[in-house]
Every structure is written in structure tokens, then in C-alpha cells.
Amino acid sequence: MSRASFHHVLSPHGWAAWRFPAPADQQAVEEAFAARGEIPRARPEPPRPWLCVYLWPALELPRWRTMDVGHHAKAITPSVTSACLAHGEPPRSGAVRWAELKLGGRHYRVTLVPDAAMAAPPGGFAHRLYILCKASECDLSPLFALAGPRDFPELAAAVTRAYYVGPEPHLRWVPGCEYVDCGNVRGIREGEEALAKTALDILADERRLRALIRLTHDLSPDARAEGFELGLWTVSPREAPGADGLWRVLEAHVQRRDLAAVEDAIATLRRLLAGERVEGEFTTAASLALMYIAHMVPFPRITDRLRLPA
């Protein structure tokens, strides 16, 4: 299979999402699962209107997810080999245990079921993730949430790098665009991908992802110092306030030819030279990274700390 047939779960233009015109057929969904609360060994393929994609590589989730959103009574390392999406309410039958996942303004029902189909070798017990969306637009971002970006950033970071094999998405969804106007945001507009790829690199780096998530909850000096070191925060709390320290930072950005970081430093330098007190904000790359996970962090309280390039 050629690389051209693979599609990113999360691309510079957002999460892969599909639009469903009608709720899932309740009777058909119920017939797809075994009666009496048991999962059949020879599980039939989910009926329409389920839309299924295969994941490459298979994505591991924390071991207790099989107890949180699955059918197991003990912790087993689940390896998500495929995902199926639909729009509607869970079936009335008690054969499947569904967990609620509320991310920002989106409401999902999810469940993990043992899988027997895959497009890549699994790293654990092969499972299929079913995602039922309350809204007609259903996306793959629950994969990132279930991977545990705060406690298991290496698993969530893997989601950012993952591909899916399957039908083209109807649209790409950027969660942050539901909070801020994205019409003129450079990097998210069609055809401008360089900045967005830098932002995706942050989400695909477990150390920077953990620090980014921490900053959305904690703006302590230690958190800001770590963010500054990793290129997520514009000003170091350990530097004396003023332009001298920032000149050194600007020179380092120029040597690395990091244009976005240079623009961040110049904007901060201008404010300092104008006599403003500057405590710092998220860098441009970090701000764009947060746009992709806005529904998983306290985004409204940090919007005034973002630097979104116009």
C-alpha cells in the first residue's frame, strides 16, 4: 500500500472529521453485538452508517482504558488497530458498555471492543475504538484524549504522528476555531502549513506536550521557565525584566533561523522598549498547538495569552 493512501489523524488543517446525515440505526447496531451482554468471538463488521478506518501504526492506550471504556475486568494494554465513527445515541441493549467523553462543546460516547482486523502490527491486545458523536460531525480527537496527554504524553504524542487508512474525511476540524476567529490565522489557512507543522511537532514531542498542558493550568515561575526553555513561552521568569536578556534570545533564534521565534522575540522586545511590563505569553508555535487541543484544556482562560499570527 502506498504512502499516498495514508492520511494523518491530525493534519495542519485539523482533526479528521466526517459528517453524518442521520443518527446510527439503533436496531442495526444492537444486532451487531452479542445478546446477553457478551461479545461474540466472530464479531460481525459494524453495519452502516458506521464509518471505519484502520490506524497505522496501531495506537497504544493506558492499560486501564480497557476497564474505563472497555469490557474487561482487569487492566490490559489495548492497542487500537481501527476506529469506527457514527452519529447517534448508544444502542438500548446492555451488550456494550459505553463511556461518556465530554470535550469542550463536543459530546462523545466511546467503547473499546476486541478487534481482529488491522493494518499494522499491534503493540498490545488489539482493540477497535467505537466513537458515537452527539453532533452530526464526528472526529478522531478522542484518540488523543484517551491516550492521556497529561499522564502519558508519549502515547498522546504518538496519536499526532499516526496515519489512518480509509475514506477521505469530509472536513478537518480545528477546535480552537470555535473560540477565536480563524479566518486570518496564518498557518491554519489553506496552503499555509509551515507554522502548523511546527505546532504539530510540539504535540508529537512528549516532553513539550506535557509542559504545554501544564502551562494551561499552571503559570508558576517553574512552569514558565520550563516552557521558555522548550520554546513554548516567550519570556523567562528567571531573567531580569528588560531587553538585555531578550536580545540574547533573539540572537539564538536568528542563528537557528527560526522565523516564528524571531517574530515572537521582536514583538516582545518592542513591548519592553515601549515601557510595558511583560510577563510573557505562549509562543506562536505553542499557540497554534493549543488550537488543536482547545477542547481538552481550559482554553477560554488562556486566550489572552495566545500569539496567533495574522
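Which residues have the most contacts inside the largest nonpolar core? This is a predicted model, where local features need pLDDT of at least 70, side-chain atom pairs count only at pLDDT 80 or more, and totals for chains, interfaces and linings use all residues. Residues are numbered from 1 along each chain as its sequence is written, and side-chain values use heavy atoms, with hydrogens and water left out.

**View 1. Leu140 and Leu212 have the most contacts inside the largest nonpolar core, a set of 73 residues.** A nonpolar core here is a set of buried Ala, Val, Leu, Ile, Met, Phe, Trp, Tyr and Cys residues joined through side-chain atoms within 4.5 Å; buried means under 20% relative accessible area (1.4 Å probe, protein chains only).

View 2. Leaving aside residues up to four places away in sequence, Leu140 touches Val9, Trp15, Ala16, Trp18, Val53, Ala83, Leu85, Ile131 and Tyr164. Contact means heavy atoms within 4.5 Å.

**View 3. Helix 5 (residues 194–203) meets helix 10, their axes coming within 8 Å and crossing at roughly 75°.** That makes the two helices roughly perpendicular, the word for angles of 65 to 115 degrees. Axes are lines fitted to C-alpha atoms over the stretch in contact, with angles from 0 to 180 degrees between N-to-C directions. Among the residues meeting here are Leu195 and Leu203 from helix 5, and Leu288 and Tyr292 from helix 10.

Technical notes: Buried < 20%, exposed > 50% of the residue type's maximum accessible area, 1.4 Å probe, protein only. Helix = DSSP H or I, 4+ residues; strand = E, 2+ residues; numbered from the N terminus. Parallel < 35°, antiparallel > 145°, perpendicular 65-115°, else oblique.
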